Number of protein chains: 2
Amino acid sequence: MARRTRTTGSLDPRSESILRAVIEEYVSTAVPVGSNLLVARYGLGVSSATVRNILAALESGGLLTHPHTSAGRIPTDAGYRYFVEGIADTSQLAPVEQLMIRHQFGQVQHASEQWFRLAATILAATNRIAGLATPAKPRAAHVRRIDLVSISDRLASLIIVFREGALRQVLVTLAEPVEQEDLTRAAVILDGLMAGRTAADAERALARIDGDGPIGTLVRRVGERVLAAIRDYDATVIEEVFSDGLLHVMEAPEFERSDKLRRVFAALENRAYLGQLLDRVAGTGAVQVFIGAENAPPEMRDVSLVLAPYGEPGRAVGVVGVLGPTRMAYPQAIGTVRFVSTLMNELVHNIDA
Amino acid sequence: MARRTRTTGSLDPRSESILRAVIEEYVSTAVPVGSNLLVARYGLGVSSATVRNILAALESGGLLTHPHTSAGRIPTDAGYRYFVEGIADTSQLAPVEQLMIRHQFGQVQHASEQWFRLAATILAATNRIAGLATPAKPRAAHVRRIDLVSISDRLASLIIVFREGALRQVLVTLAEPVEQEDLTRAAVILDGLMAGRTAADAERALARIDGDGPIGTLVRRVGERVLAAIRDYDATVIEEVFSDGLLHVMEAPEFERSDKLRRVFAALENRAYLGQLLDRVAGTGAVQVFIGAENAPPEMRDVSLVLAPYGEPGRAVGVVGVLGPTRMAYPQAIGTVRFVSTLMNELVHNIDA
DNA sequence: GTTAGCACTCAACACCATCGAGTGCTAACT
DNA sequence: AGTTAGCACTCGATGGTGTTGAGTGCTAAC
């Protein structure tokens, strides 16, 4: 992860280690942490009174709060941010974990359609929170292959394969009965016409086609449908957000009350915002963390996202990541998301090479 | 809906109408209903004392309970069952609703892949509970079309179209570089060999193929992968359960505490049980209702399912339906599920004709 | 068979006292 | 100047108590 310049001034080392201790403790227990617990569990070499002074300072710096007077401290969103930016250990994922994840991808290496789903599932399982993934989606779709399969007299299935491996199936109703033979002929013509083209190119090519004769009209008619499919594909910012492991999120104590939980689910259906995040993440090419209220939509302010793009910048990109409560094990999440995204890069590259 | 023979003896009309009143009231308010409220809101022409006697009788008959002494009555699973079997008005869906649903299907008539998803979405929206749908899945897959598209030197995408419109994409790595031309030739051979066949037939046909020459080995190699794909497709009982409107279920007061809610989500991931239900539903060809504890899996005992098959018995069947709390508007649910399933039948028939 | 009357039950609610974890502050210490 | 012991203080959590009222079940009269 690229370290941003810190907006808040750096803290002295002792304050940082106490902040880190508070975060680590709170992340694993979900209980506000007090000064006594800190000196007892983390050998700080100072008394609880000193710790209290530092905690108070961290609080006035906006990195911690406490829910009420007689409770321990919990990190604020800014606190998590500071932690993630500067003091969290986001080194490489442990080799054992790497191997386990690689192994799981190896199991299904043949089904490219499933890779992004698998990524979400793996991220969910390793982090015990929700995993997210979108299929790699090109900025401008390129057609690789067009095929027409007869289904009945006047009904055919139009299959369009895009360069990135995505696939569209559209039913086409025909004005009059057409044999598979003619469909195949039309498909070959369209294939020659449109393969490798984007929507605009394909449209120009189609315009030059002779619309006469039964095959000509068929080609025209189906060609229009192909164009529509390409444009539709282009227009879809996020084709699909696959999620897994939502049950993990439901187990978090912060979502004990189901109204909070409901908002998490509503958040996942906020495609507009996820698309926006996708754009931002795709631009940077690195792991990005969005913490709690940093997310504009109100239903997102209780959750954090750790996202990374995969694919080829400028061509086709997708996103993998995790979604969980702001109280999340960020270093681990960042590590696995980073690793899975590089793995996905490899996979995509192998296809495209 | 086929009316089962009632297992409990029939009630007298007055008891039935009181049972119905209790259920209707409780379904809409989620509050236990007492004798006074019944006489006030439903013109029963008798005093609350009489109603109390009848309520007590219904309770000893196992159709009602009360959560505690000083609370009103709520229906038991058996009560709902009696209601659904005998006294609920499950007549045709109102023409207005029919039209609205038809209209929504009309919007996407070209994308058959999406029909079952749409069905779930529509069922969820009209009933304000979760909608479920599975794609129509044949008992024994028949291949309609095989295609091979070159992706890179030694990587090709194998596309298999099944008779029912389902589609499988598999990546095939090649021992040595192969041109698209040769891939096409191999695809044509495989297509001629396997189109219209089931797994067993296709295997026999493949065995007779001459495995010599570069094309021969290619055909063999890819053929094996086709077989594997067909078998895999056959083996999958439920290909996918698409659900929508889970947010509606989250709003039900019975799932206020998120541990109850968690079980609902766990229930949806119980593919084994859903597959079992699918078999039972597909066999009867009618709307089936599974109420609360009638479902064997413990995580299902708080929810009810209203399911109906669609497709062609013995060939390819899928299921549409709804899932919600046992306190559910059964007549409406049954009506819309029945209507949507007939609509899906029409759509599937149009493709197959 | 129906109904008025009534004693009874029990969840829900509000109130109150207790407790203890954890704080902030002050004064003493190094 | 920084650290620490000591201590008063705050406030959520816990648990006990009393009250209320919805709703029941039963009995006796109609």
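**Exercise 1. Determine which residue stands opposite I160(A) in strand 7 of chain A, and describe the sheet of chain A.**

Step 1. The residue that stands opposite I160(A) in strand 7 of chain A is R168(A). Strands and helices here are DSSP runs (E, at least two residues, for strands; H or I, at least four, for helices), numbered from the N terminus. The model is predicted: local features need pLDDT of at least 70, side-chain atom pairs count only at pLDDT 80 or more, and totals for chains, interfaces and linings use all residues. Residues are numbered from 1 along each chain as its sequence is written, while chains are lettered from A and ligands numbered from 1 in the order in which they are written.

Step 2. Strand 6 (residues 155–162) of chain A and strand 7 of chain A run antiparallel and are joined by seven bridges; two strands pair if DSSP finds at least two bridges between them.

Step 3. In chain A, three strands in the order 5-6-7 form an open sheet with antiparallel pairing. Strand 5 (143–152) and strand 7 (167–173) of chain A are at the edges with a single partner strand each, so one side of each has no neighbour in the sheet. From one strand to the next, the twist averages 20°.

**Exercise 2. Characterise how helix 7 of chain A packs against helix 9 of chain A.**

Step 1. Helix 7 (residues 180–194) of chain A lies across strand 5 and strand 6 of chain A, at about 165° to strand 5 of chain A. Axes are lines fitted to C-alpha atoms, for helices over the stretch in contact, and angles run from 0 to 180 degrees between N-to-C directions.

Step 2. With helix 9 (residues 213–235) of chain A, helix 7 of chain A packs at about 55°, the axes being 9 Å apart. Helix 7 and helix 9 of chain A are therefore oblique to each other (under 35 degrees counts as roughly parallel, over 145 as roughly antiparallel, 65 to 115 as roughly perpendicular and the rest as oblique).

Step 3. Residues of helix 7 of chain A, including I189(A) and L190(A), meet residues of helix 9 of chain A, among them V219(A) and V222(A); contact requires C-beta atoms, placed from the backbone, within 7 Å. The residues of this contact divide into nine nonpolar, one polar and two charged. Ala, Val, Leu, Ile, Met, Phe, Trp, Tyr, Cys and Pro count as nonpolar, Asp, Glu, Lys and Arg as charged, and the others, Gly among them, as polar.

**Exercise 3. Describe the sheet of chain B.**

Step 1. An open sheet of three strands has the order 5-6-7 in chain B, with antiparallel pairing. Its edge strands are strand 5 (143–152) and strand 7 (167–173) of chain B, each pairing on one side only.

Step 2. Strand 5 and strand 6 (residues 155–162) of chain B pair over eight bridges in the antiparallel sense, and I146(B) stands opposite I160(B) in strand 6 of chain B.

**Exercise 4. Identify what surrounds DNA strand C and DNA strand D.**

Step 1. DNA strand C is surrounded by 21 residues, of which G34(A), S70(A), T50(B), T69(B) and S70(B) are the closest. A residue is near a strand if its C-beta atom, placed from the backbone, lies within 6 Å of it. Helix 3 of chain A gives the most to this surface, with four residues.

Step 2. Around DNA strand D there are 21 residues, with T50(A), T69(A), S70(A), G34(B) and S70(B) nearest. Helix 3 of chain B gives the most to the surface near DNA strand D, with four residues.

Terms used:
Contact = placed C-beta atoms within 7 Å.
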